[in-house]
Amino acid sequence: MDKHREVAMNFQHMRIARPVRVLNRSCEMYCDGLGLTKLGEFTDHDGFSGCMLGREDLPWHLEFTQCHHHPVIPSSSPEDLLVLYVPKREAWESACSDMDHARFVRVASFNPYW
């Protein structure tokens with residue numbers, strides 16, 4: 001087995017980290033809209049603050065960061081997506097409704113596959 005396949009098969013957790021403009025608002029939206037909870041947070045660690053959102057039963061979490069001294073401007077593109085699969089239509093509709101109430105903005109997909 002090559003070393004890359006071995007690493008991919010053995011990692012236990014994944015973190016997706018993104019800079020945001022308003023840390024508290026981003027955290028609230030994802031907690032309210034996706035039912036995530038705050039797993040951890042840090043304040044002014046070498047000029048950065050952040051929070052990790054997820055659930056204890058998931059092998060992944062989201063981390064949002066904010067730079068205080070040299071703000072990093074989020075630079076998303078039409079293809080910069082977080083895709084979450086919800087296999088049952090009723091659960092998907094409920095999740096969409098929760099995200100609407102949390103003030104997410106629906107946009108048309110640039111890539112017709114999504």
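Colleague: Why is arginine 18 called partly exposed?
Modeller: Its relative accessible area is 30%. Buried means under 20%, exposed over 50%, and partly exposed in between (1.4 Å probe, protein chains only). The value for arginine 18 falls in between, so the residue is partly exposed.

Colleague: What is the basis of the model?
Modeller: This is a predicted model: local features need pLDDT of at least 70, side-chain atom pairs count only at pLDDT 80 or more, and totals for chains, interfaces and linings use all residues. Residues are numbered from 1 along each chain as its sequence is written, and side-chain values use heavy atoms, with hydrogens and water left out.

Colleague: What makes aspartate 80 and arginine 18 a salt bridge?
Modeller: Their side chains meet at 2.9 Å, N to O. A salt bridge needs a side-chain nitrogen of Lys or Arg within 4 Å of a carboxyl oxygen of Asp or Glu. The pair meets that cut-off, so it counts. It links distant parts of the chain, 62 residues apart: aspartate 80 sits in the loop between β4 (60-67) and α3 (89-101), arginine 18 in strand β1 (residues 14-19). Helices (H or I, at least four residues) and strands (E, at least two) are DSSP runs, numbered from the N terminus.

Colleague: How many salt bridges does the structure hold?
Modeller: Six. Among them, glutamate 93 pairs with arginine 89, with the closest N and O atoms 3.1 Å apart. Both lie in helix α3, four residues apart, about one turn of the helix.

Colleague: Is arginine 89 buried or exposed?
Modeller: Exposed, because its relative accessibility is 57%. Glutamate 93 has 40%, so that residue counts as partly exposed.

Colleague: Why is serine 26 called buried?
Modeller: Its relative accessible area is 14%, under the 20% limit, so the term applies. Serine 26 lies in helix α2 (residues 23-34). It touches Val20 and Phe64, not counting residues up to four places away in sequence. Contact means heavy atoms within 4.5 Å.

Colleague: Which residues lie nearest the centre of the largest pocket?
Modeller: Tyr30, Leu81, Leu82, Met99 and Phe104, out of 45 lining residues. On a 1 Å grid over the protein atoms alone, a pocket is an open set of points with protein on both sides within 12 Å along at least five of seven lines, and lining residues have an atom within 4 Å of a point.

Colleague: Which element gives the largest share of that lining?
Modeller: α3, with six residues. β1, α2, β4 and α3 each supply at least two.

How values were computed:
On a 1 Å grid over the protein atoms alone, a cavity is a set of points where a 1.4 Å probe fits but cannot get out, and a pocket is an open set with protein on both sides within 12 Å along at least five of seven lines; lining residues have an atom within 4 Å of a point.
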